[in-house]
Amino acid sequence: MQAFPEYGPERAGAPLRAYNRVASKELRMHCPVLEPDVVTVVDATLLDSINIAEGAKDNTAFVINTTKDPKEIRAKLKAGPKQRVVTVDATKIALDCFGRAMPNSPMLGAVCKVTGLISIDHLLDDVRKSFGKKFSQKIIDGNLEATKRGYEEVKEG
Amino acid sequence: MAKVVAVTGNEACANALRQVNPDVCGIYPITPQTDMMQRFASYIADGKVDTESILVESEHSSMSACIGAAAAGGRVVTATSSQGLALMWEMLHIASGDRLPIIMPVVNRALSAPLNIHGDHSDAMGARDTGWIQLWSENGQEAYDNTIQAFRIGEHMDIRLPVMVCLDGFIISHSIERMEYLEDQEVKDFVGPFKNFLPLLDLDKPKSYGPLILTDLYHEYKRAQHEVMTKVKDVVLDVAKDFEKLSGRKYGIFETYRLEDADIAIVILNSAAGTTKDVIDEFRNKGIEAGLLKPRLFRPFPFEEVAEALKHVKAVCVMDRADSFGGYGPLFMEVASALYPLERKPLLLNKVYGLGGRDYLPSHAAQVLTELHEISRSGKVNVLKEYIGVRE
C-alpha cells in the first residue's frame, strides 16, 4: 500500500493531486500513478480546468463529487464504453451529516462501493478508529453516517 | 512480534528514535526540518522517552549541541534536511573528528538556489567528505531498519563514528507505505545500553576534545580516521546479520537485483532503485539480461565488493540524483574508481536524473536500459555524462 500527495504551494481551495496504490505484493515503484484504475475527483470544478482522464485506461472508473447526473459527466469526459462513470453528491451529504462542506468521508464511501476492495463495515471501522482519537462523538457519528451515505448514494451512468 | 503499520518515512524514523530512547536530541525546529523531529518532540512532550531536547537557533547550533552532549557521554541524535545539513557542514567534521557516534537521519532534499524543497541527493552528497558513515534507504522500512542498525554501527567500540541515515525527501519521508515495526523491547535489546568512551563528565579523569594539533600529529590523526573507516564494512555486515535474526530482513553493504547473470546494469541509490527493479523485470521478460546494484553503505564506499559484483557486466549506467558541476555525478565517481583496477571492465556511463524532485519514471529506466543494451552490442558509448528526464 502506498499513499502520497504531490507537494507544492498548497492552500485551501487550490487543486491538489494525491496518489494511492494497493496491491497484494510489495510495491517498489516510487513515482506518481501514471495509469490509474480509479480517478476520484473531490471538486467537480476541476473538470473544467484540467484533464482528469490523463493516463486513464480503457476500464478506468471515475468517481466524481457532483450534483450532476452521471450521464452528463460521461458525455463531458467522453468516457469510453468500458470506462465507468460514477457520481455522488458528497458535498450535500457532508452538509447534511455534519454541517460542513468537507466531502472526504462520503467520497471514501463512494470509492469503497466502486472498487469493492474492502467491505463498508471495514471502512466504517477504520473511520471510527481514525476519528476516534481526535474528535467528539458528534463529529465521529456524522462522518460515519456520511461515509455510509456516500457508499449508498452512488449513481452510475 | 512485528507490528504491521501504514506510516510515512518520517514517522518510521521518529518511531525508531523513540524505541532507542536516546539521552539527548538537538532540534532546530524550523524549515527545512521535517515532521520527523516534530513527531519526536511530541514523544518527548508526552513522556514517551527520557530524551532531553535542546532547542537551538540553527542547524549549526543543533550539531554543536549534539557534539557537546556526545562528548559529555550521552547517546545523541538529531535529524535534518537540505540547507539544514549544509549549515551543519563545519560541525559535521568536528563530530567525526572527535569520534562521536551521533545518529542523524537525513531527509534528502535539494539545495538552493533556486529555492526547492523536493527530493534530491545534493545535501548528503555534499556531506560525503565529512567523515560520517552514510547508510542509504530505498523506502520507509529500510530507513527505519537503518536507523536502528546505525546505533550499533556508530557506537561499536572499534568504530565510534557518527552515522547519517539517508532517505528520499517527500518520495519516502512524506509518503505513507506499509511496513513492519519491531517491538520496543526488541529494539532496546538489539541496540543495547550506551557504552561510554572517554566522556567529559567523568570528572575523575579530566580530558579535552578537539585540541590544537599542528604539523606534528594532525596527519597521523587523519590517517587514523581513514583507518577506522576500513573497519566499518565488517561491523555493518555483523550488525546486519544480528538484525536479520531479529527481523527476518536481510541487509548487506549493497543490494543486488538480478545482477549475477546480467549483461547490463544500473547502479542507483534510494527510492529510484525500486522503480528500476520493476522495469528490470520487464526487460528480463523480453529476454534482455538486466540487473541492478543499489549501494547501502556509501561511506565508506565498498570499492572491491562493488567491482566484484559488476565485473562480468558489459555495460553499466551509474545514475546520480546530484551533480558535481564540471565533474561527474558523485556515485559515478565512486563506481568508476571501483572498476578502474579491473583488467576487463564494463563500459560505463553516467546519467543525472530527478534533481529537485523531478519524477523518476519507469520510462526513464527503460530509456537507460535500452541505451545500455545497444552499448553492450556496439561496444560504443556516445555520451558519457548526460541529464535525463530534462526539458530541452
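In what order do the strands of the open sheet in chain B run? Let's look at this predicted model, in which local features need pLDDT of at least 70, side-chain atom pairs count only at pLDDT 80 or more, and totals for chains, interfaces and linings use all residues. Residues are numbered from 1 along each chain as written, chains are lettered from A in the order written, and side-chain values use heavy atoms, without hydrogens and water.

**View 1. The open sheet of chain B has 6 strands in the order 10-12-11-14-15-16, with mixed pairing.** Strands are DSSP runs of E, at least two residues long, and helices are runs of H or I, at least four, numbered from the N terminus; two strands pair if DSSP finds at least two bridges between them. Strand 10 (254–257) and strand 16 (385–387) of chain B each have a single partner strand, so one side of each lacks a neighbour in the sheet.

**View 2. Strand 10 of chain B pairs with strand 12 (residues 290–295) of chain B in the antiparallel sense.** The pairing spans 4 bridges, and Thr256(B) stands opposite Leu293(B).

**View 3. Chain A meets chain B.** Here 14 residues of chain A are in contact (heavy atoms within 4.5 Å) with 23 residues of chain B. One salt bridge (a side-chain nitrogen of Lys or Arg within 4 Å of a carboxyl oxygen of Asp or Glu) joins the side chains of Asp281(B) and Arg28(A), at 2.8 Å, N to O.

**View 4. Strand 1 (residues 2–5) of chain A pairs with strand 9 (residues 176–181) of chain B.** This antiparallel pairing has 2 bridges, and Ala3(A) stands opposite Ile176(B).
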